[in-house]
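My entries are below the structure.

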Amino acid sequence: MNGPDRQRVAFTVNGEDREAWVLPHDTLLDVLRDTLGCYEVRYGCGEGVCGTCTVLLDGEPVSGCLLLAVQADGCSLVTVRGLAPGGDLHPLQACFLRNGAAQCGFCTPGMLLTAWALLRHEPRPSRARIRRELVGNLCRCTGYSKILDAVEEHAAQAAERTGGHG
């Protein structure tokens with residue numbers, strides 16, 4: 001619904017053109033979940049410190065709870081569903097499962113998207129680099145070791161597939 005205070009925003013979500021009428025104070029998280037039905041984007045702290053609401057904005061991880069929907073107008077967004085369109089698992093998701101890195105699953109979408117963005121920029125990061133990149137994503141279940149193992153495994157498998165070039 002549009003109204004006097006609402007503004008139309010349009011963006012691509014997981015490869016699909018979407019639009020919504022938003023109020024100036026509507027967060028990207030609220031619009032994705034409540035208006036567009038992207039329930040895989042979760043609310044955590046509402047303060048941008050837990051990483052639960054992470055989405056990729058033009059390929060970079062952002063906290064959906066801190067970004068206003070109007071700031072994403074014209075951008076490309078990827079949620080965890082967008083990693084592997086068609087319902088299959090992305091190889092990184094398979095590594096998370098194999099390594100037990102997805103226990104309760106609450107932090108998993110943010111962890112996956114943040115790790116995926118890192119690996120696009122740096123195909124073979126050190127364990128310390130992975131740890132630094134994931135610092136904004138809190139996990140209560142795994143102790144992080146299994147998550148780090150999964151990201152390292154995926155990076156090694158990707159390097160094997162491409163002959164060592166990421």
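Entry 1. I am working from a predicted model.

**Entry 2. H2 against H3.** I looked up the packing of helix H2, residues 91-98, on helix H3, residues 108-121. The angle between them is about 125 degrees, and their axes are 10 Å apart. I noted the hand of the crossing of H2 and H3 as right-handed.

I then listed the residues that make the contact. H2 contributes Leu-92, Gln-93 and Phe-96. From H3 come Thr-108, Met-111, Leu-112, Ala-115 and Trp-116. Sorted by class, the residues of this contact of H2 with H3 are six nonpolar and two polar, with no charged ones.

**Entry 3. H3 against H5.** Next I took H3 with helix H5, which spans residues 145-161. I found an angle of about 40 degrees and axes 11 Å apart. H3 passes H5 in a crossing that is also right-handed.

On the H3 side, I have Met-111, Ala-115 and Leu-119 in the contact. The H5 side brings Ile-147, Val-151, His-154 and Ala-155. The class count for H3 with H5 is six nonpolar, one polar and no charged residues.

**Entry 4. Largest pocket.** What is the volume of the largest pocket? I have it at about 230 Å³. Its lining consists of 14 residues, and those nearest the centre are Val-80, Arg-81, Asp-88, Leu-89 and Gln-93. H2 and H3 each supply at least two residues of this lining. The largest share is three residues, and it comes from H2. I divided the lining of the largest pocket into eight nonpolar, four polar and two charged residues.

**Entry 5. Second largest pocket.** I put the space in the second largest pocket at about 150 Å³. Which residues lie nearest its centre? They are Phe-106, Cys-107, Leu-138, Cys-139 and Arg-140, out of 15 residues that line the second largest pocket. By class, I count nine nonpolar, five polar and one charged in that lining.

Methods: Residues numbered from 1 in each chain as written. Predicted model: local features only at pLDDT ≥ 70, side-chain atom pairs only at ≥ 80, totals over all residues. Heavy atoms only, no water. Axes fitted to C-alpha atoms, helices over the stretch in contact; angles between N-to-C directions. Helix = DSSP H or I, 4+ residues; strand = E, 2+ residues; numbered from the N terminus. Left-handed = near helix turned anticlockwise from the far one by under 90°. Contact = heavy atoms within 4.5 Å. Nonpolar A, V, L, I, M, F, W, Y, C, P; charged D, E, K, R; others polar. 1 Å grid on protein atoms, 1.4 Å probe; cavity = no way out; pocket = protein on both sides within 12 Å on 5 of 7 lines; lining within 4 Å. Points joined across faces, edges and corners; volume = space filled by probe spheres on them.
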